[in-house]
Amino acid sequence: MNRPAPAHRIALLAFPGIRAFDVSVITEVWGVDRTDRGVPAFELRRVAAGPEPVPMRGGLALTPDRTLAWLPRARLVLVPGLDEHTAPAPEPVLAALRRAHARGTAIAALCGGAFTLAQAGLLDGRRALTHWALADLLRARHPRVRVEPDALFVEDGNVWTSAGTAAGIDLCLHLVRTAHGAEAAAAIARSMVTAPFRTGGQAQFVERPTPRTDRGADALADVRAYALAHLDEPLGVAALAARAGMSPRSFARNFAAATGTTPLRWLLEHRIAAAQKLLERTDLPVPEVARRAGFGSEVTMRQHFAARLGTSPRAYRASFAGEGSNQEPNSGFAASS
């Protein structure tokens with residue numbers, strides 16, 4: 001009789017003032033049993049310095065079910081942002097974060113949680129980010145942090161940070177995808193009624209005047225839908241621009257304004273996602289996967305997998321095809337974003 005795979009232990013680090021939204025995101029991703037949909041089993045624990053309820057804004061409170069002594073058992077530690085972004089975290093919490101990082105445990109902060117990691121000294125000399133409206137404050141308060149100007153999330157030294165609010169969802173799904181495969185992340189995303197991944201950075205969300213007209217919006221949406229349905233075909237910028245009724249330069253400019261990324265990078269992200277799904281769900285030969293995903297050749301697909309995912313298509317299939325998503329990850333959560 002086969003024993004079920006052990007649950008992957010995840011710690012939600014709780015202390016006074018954490019944002020209820022971030023707590024909800026973490027709980028929705030790792031705290032719901034979706035093993036009937038092929039998602040690995042997770043053991044999410046609410047870890048705090050003591051057993052007392054942790055107060056949050058709006059009269060809410062989070063009841064811990066583990067103390068900081070449990071933290072060494074976690075594979076991943078998640079740090080919510082604070083309502084008062086620069087409020088000092090309790091020293092026992094900061095010390096526990098330092099010890100966890102020294103052990104090699106992956107640590108991820110959502111939105112303003114970067115300020116907590118910076119207080120612990122974990123972001124010194126590292127690339128990190130936070131909500132675009134807080135980037136200058138993070139840079140001023142913690143000058144040793146290499147604050148990224150634009151991204152949805154970033155990793156440096158097995159320490160992850162994300163941009164504001166909804167980007168926390170992007171980061172959480174990416175961590176699932178990195179450790180357990182694209183299909184597990186997609187299953188969670190479907191149940192949350194959200195995209196399994198978004199392309200572009202947070203520059204597309206920075207406040208700016210709303211244009212009076214957006215004549216190309218429908219055309220761009222149609223082009224993106226067409227591209228997703230024809231990923232196996234050559235899709236150059238010129239051909240896509242012609243389909244949208246724009247010049248290549250105008251198309252590229254409007255596409256970047258709408259998505260936060262270039263047409264070619266957008267295509268690459270979706271081709272990688274399509275290849276991941278085919279590698280997980282089918283027994284198609286790798287060259288055929290490359291053709292159907294639009295890479296043309298296995299060599300090209302292998303190069304993009306190495307650059308984007310830090311692995312090869314064949315190694316990815318070995319890790320995540322079939323029952324692979326229930327296996328222990330080979331390298332924790334460490335992967336380039």
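The model is a predicted one, in which local features need pLDDT of at least 70 and side-chain atom pairs count only at pLDDT 80 or more, while totals for chains, interfaces and linings use all residues. Residues are numbered from 1 along each chain as its sequence is written, and side-chain values use heavy atoms, with hydrogens and water left out.

**The chain as a whole**

The protein chain has 13 helices and 11 strands, where helices (H or I, at least four residues) and strands (E, at least two) are DSSP runs numbered from the N terminus. Of its 337 residues, 48% are buried; buried means under 20% relative accessible area, exposed means over 50%, and partly exposed lies in between (1.4 Å probe, protein chains only). The chain exposes about 15,900 Å², of which carbon and sulfur atoms supply 52%, the areas coming from the Shrake-Rupley method with a 1.4 Å probe, and for residues only the protein chains shown count as cover. Among contacts with a separation of 6 or more, 66% are made by residues 24 or more positions apart, a contact being heavy atoms within 4.5 Å.

**The sheet and its edge hairpin**

Seven strands form an open sheet of mixed pairing, in the order 5-2-1-6-7-11-10; two strands pair if DSSP finds at least two bridges between them. Strand 5 (66–67) and strand 10 (153–156) each have a single partner strand and stand at the edges, so one side of each is left without a neighbour in the sheet. Helix 1 (residues 20–30) packs on the sheet, where it touches strand 1 (8–13), strand 2 (42–48) and strand 6 (76–79), and its direction makes about 155° with that of strand 2; axes are lines fitted to C-alpha atoms, for helices over the stretch in contact, and angles run from 0 to 180 degrees between N-to-C directions.

Phenylalanine 153 has serine 162 of strand 11 as its bridge partner, and aspartate 156 is bridged to valine 159 of strand 11. In a regular strand the side chains alternate between the two faces of the sheet. In strand 10, Phe153 and Glu155 point one way and Val154 and Asp156 the other way, and all are buried.

The hairpin of strand 10 and strand 11 has two residues between the strands, and in it glycine 157 takes a positive phi near 70°. Asparagine 158, which lies in the loop between strand 10 and strand 11, has a positive phi near 65° although it is a residue other than glycine. Another non-glycine residue with a positive phi is cysteine 111, at about 50°, in the loop between strand 7 (106–109) and helix 3 (113–119).

| Residue | Relative accessible area |
|---|---|
| Tryptophan 30 | 1% |
| Arginine 34 | 3% |
| Cysteine 111 | 3% |
| Asparagine 158 | 14% |

Tryptophan 30 has its place in helix 1. Not counting residues up to four places away in sequence, tryptophan 30 touches Ile10, Phe42, Leu44, Leu76, Leu78, Cys172, Leu175 and Val176. Its C-alpha atom is separated by 9.4 Å from that of arginine 9, which is 21 residues apart from it along the chain. Arginine 34 lies in the loop between helix 1 and strand 2 and, leaving aside neighbours within four places in sequence, is in contact with Glu28, Val29, Val39, Ile188, Ser191 and Met192.

**Two helix pairs**

Two packed helices are described by the angle between their axes and the distance between the axes. The axes of helix 5 (residues 167–180) and helix 6 (residues 182–192) come within 7 Å and cross at roughly 145°. In this contact, Ile169, Leu173, Val176, Arg177 and His180 of helix 5 meet Ala182, Ala184, Ala185, Ile188, Ala189 and Met192 of helix 6. The residues of the contact divide into nine nonpolar, one polar and one charged, with Ala, Val, Leu, Ile, Met, Phe, Trp, Tyr, Cys and Pro counted as nonpolar, Asp, Glu, Lys and Arg as charged, and the others, Gly among them, as polar.

Helix 11 (residues 286–293) and helix 13 (residues 313–320) pack at an angle of about 100°, with their axes 10 Å apart. The two helices are therefore roughly perpendicular to each other, a term for angles of 65 to 115 degrees, whereas angles under 35 count as roughly parallel, over 145 as roughly antiparallel and the rest as oblique. Val286, Pro287 and Val289 of helix 11 meet Pro313, Arg314 and Arg317 of helix 13, and by class this contact has four nonpolar, no polar and two charged residues.
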